[in-house]
Amino acid sequence: MKEDEMNINKSATPPLAPELIEQFRKIVGERHAITDAADIEAYVTEERNLFHGRSPLVLRPGSTAEVAAICKLASEHRIALVPQGGNTGLVGGQTPHNGEVVVSLRRLDKIREVDTASNTMTCEAGVVLQIAQQKASDVDRLFPLSLGAEGSCTIGGNLSTNAGGTAALAYGVAREMALGLEVVLADGRVLNVLSKLKKDNTGYNLHNLFIGAEGTLGIITAATLKLFPKPRAVETAFVGLKSPEAALKLLTIAQGEAANALTSFELLSEMAVDFSVRHGIDVRDPLSEKHPWYVLMELSTASDDARTPLETILTRAMEEIVDDAVIAASLAQRNNFWKLREEMSAAQKPEGGSIKHDISVPVAAVPAFIEEANAAVVKLIPGARPVPFGHLGDGNLHYNVSQPIGANTADYLARWHEMNAVVFEIVLRMGGSISAEHGIGVLKRDELPEVKDKTAIELMRQIKAMLDPLGIMNPGKVL
Ligand SMILES: Cc1cc2nc3c(=O)[nH]c(=O)nc-3n(C[C@H](O)[C@H](O)[C@H](O)COP(=O)(O)OP(=O)(O)OC[C@H]3O[C@@H](n4cnc5c(N)ncnc54)[C@H](O)[C@@H]3O)c2cc1C
């Protein structure tokens, strides 16, 4: 499915007057106001080429004061803005679909403070996630947010999408890692609720409003993040088993044995592993024989020994639940296991069109969801190939469905919303969410009012109207 088939409101934005461009240019400086179409291209397309926007101007502010001045000027002239971080979002939230001005936060890349006694780190919004992780590691701490795009995505983007990733099982999602924020509001006011406090009951929790808001309520310019003790030992196992039910039993044993030391528990279908091995770069199947399902699990401990609890879990599960397992013998082998997982999305491309769902259901319902959804999508499109994989420990699956072998890709992708409807019906019946990780953006905007509590939607609209009465902050996204 391409953008123009997605029912995105393409209302024309009036052209930006040259005098206004000049005023914006004065705020950020000549070099950081981009108007050349070729240079703008990288900001209006995204990795999968699913969305292609347009913009007359990309602004690259270098400070909170510059962001505030941009918002003030934009609100005086009703100019729509699209905040952008690493441009790795998967729902079209960071794309200017209607000629809005892009505000790229990547130059806000300072780590303002690391406080190892309070276990906090205050980062500007444009700090790349991997740099934040490294900075924490340098002071013997862990910043646990971890996802496939960590080499490019930014802290501001992670918070705006409330990113999940592979360690959410133990450490929670991005929201749970932020103690406070600095945010520029649509009218240019700066909300400073940066805080190192775990305990602060002084009224409404405002910073949480902006987390997961996908840039529709304001522009995050900095965040105070929680740091955690760096694990002394990490052990990773790759496990072959027969079914999602078996994986669920393994999860229960692992949580009983390791509690919070179980930091990742990824369920991978045979087809997802097969695609990754065949199409991924430098990817190998760690097990000698194929299995219908696999689990990639990781234990991270405060003691020097993560291996004994991992072996205990596998020994307890070996007879009835686990068919085969290997524990990484080296860091290189561990990286190999994770490479297989990380290549999974890209490895689906050579197999043709893939209709994607980023869903969650209660953990206990995952096996039933997979069984029902597999039957339903194949009934809808005979020959369609479900490729489920994801964070079983969080009940979150990337329920992707590849086109039938030999099918016409465009015809298949034209049925995107039809398949979504079939899958979402099962998700909602099971008490799940249609967007577990990636957000709403424009991709799921039209479905949101149908699946969310009516009062919740009403309140969301009222909050949006209060914080952004002119509707200039990432218009057309989420609501
Ligand atoms: C290979 C790959 C793997 C991924 N894996 C995961 C995963 O495991 N879990 C997961 O949750 N996501 C995942 N994602 C999705 C994506 O990486 C995350 O959503 C990420 O948090 C986006 O960060 P970003 O800086 O690239 O934001 P962008 O893509 O630039 O923006 C995303 C949204 O946030 C808004 N925004 C960005 N910066 C700001 C700011 N400073 N203030 C206000 N609004 C802002 C934008 O307007 C947009 O709506 C993956 C993506 C890829 C390509």
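How many salt bridges does the count come to? The model is a predicted one, and the count comes to 26 salt bridges.

Start with Arg-25 and Glu-30. Their side chains meet in a salt bridge, at 3.8 Å from N to O. Are the two partners buried or exposed? Arg-25 has a relative accessible area of 14%, so it falls under the 20% cut-off and is buried. Glu-30 is exposed, at 59%.

Next, Asp-140 and Arg-232. Here the closest N and O atoms are 3.1 Å apart. Both ends sit in loops. Asp-140 lies between helix H4 (129–138) and strand E7 (141–142). Arg-232 lies between strand E11 (228–229) and strand E12 (233–241). The pair therefore ties together parts that are 92 residues apart in sequence. As for accessibility, Asp-140 is partly exposed at 33%. Arg-232 is partly exposed too, at 46%.

The closest N and O atoms are 3.3 Å apart. Arg-316 belongs to helix H10, residues 307–318. Glu-257 belongs to helix H8, residues 244–258. The bridge therefore links parts 59 residues apart in sequence. Arg-316 counts as exposed, with 53% relative accessibility. Glu-257 is partly exposed, at 34%.

Terms used
Residues are numbered from 1 along each chain as its sequence is written. This is a predicted model: local features need pLDDT of at least 70, side-chain atom pairs count only at pLDDT 80 or more; totals for chains, interfaces and linings use all residues. Side-chain values use heavy atoms; hydrogens and water are left out. A salt bridge is a side-chain nitrogen of Lys or Arg within 4 Å of a carboxyl oxygen of Asp or Glu. Buried means under 20% relative accessible area, exposed over 50%, partly exposed in between (1.4 Å probe, protein chains only). Helices (H or I, at least four residues) and strands (E, at least two) are DSSP runs, numbered from the N terminus.
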